[in-house]
Amino acid sequence: LAGALYRQCLKSHSGMVSCRAGLAAILMYQGKRCEALKHMRKYNRSNPGSSKAVRFNRLIEQFEPQCN
């Protein structure tokens, strides 16, 4: 349910980075790591200096080999 709400948020407010960050977290929890990493990268491009971007970068580095 939460994932659907975040997807709806992205559809109606594509520039709202908090929607993308929330969706990435939910996807990671659901085990959909490759899809989550895609959203993390997009978040980081929009918000590169944030503390969340630093955490997302660590997750991207950790899980990216599994997605290639």
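The model is predicted.

Just beyond the end of α2, glycine 31 adopts a positive phi of about 85°.

The discussion now turns to charged side chains. The whole structure contains 2 salt bridges. In one of them, the side chains of arginine 7 and glutamate 35 come together with an N to O distance of 2.8 Å. Because arginine 7 belongs to helix α1 and glutamate 35 to helix α3, this pair ties together parts of the chain that are 28 residues apart in sequence. Both partners fall in the intermediate range of accessibility: arginine 7 is partly exposed, at a relative accessible area of 33%, and glutamate 35 is likewise partly exposed, at 28%.

Another salt bridge joins glutamate 64 to arginine 41, and here the closest N and O atoms are 2.9 Å apart. Glutamate 64 is located in helix α4 and arginine 41 in helix α3, so the pair links parts that are 23 residues apart in sequence. Glutamate 64 has a relative accessible area of 27% and is therefore partly exposed. Arginine 41, with a value of 28%, is also partly exposed. Helix α3 thus contributes glutamate 35 to the bridge with α1 and arginine 41 to the bridge with α4.

Which loop holds serine 50? Serine 50 sits in the loop between α3, residues 33-46, and α4, residues 51-67. Is serine 50 buried or exposed? With a relative accessible area of 16%, serine 50 counts as buried, because the cut-off for burial is under 20%. The side chain of serine 50 also makes a polar contact, reaching the backbone oxygen of asparagine 47 at 3.2 Å.

Technical notes: Residues numbered from 1 in each chain as written. Predicted model: local features only at pLDDT ≥ 70, side-chain atom pairs only at ≥ 80, totals over all residues. Heavy atoms only, no water. Helix = DSSP H or I, 4+ residues; strand = E, 2+ residues; numbered from the N terminus. Buried < 20%, exposed > 50% of the residue type's maximum accessible area, 1.4 Å probe, protein only. Polar contact = N/O pair within 3.5 Å; in protein donor to acceptor, adjacent residues only side chain to side chain. Salt bridge = Lys/Arg side-chain N within 4 Å of Asp/Glu carboxyl O.
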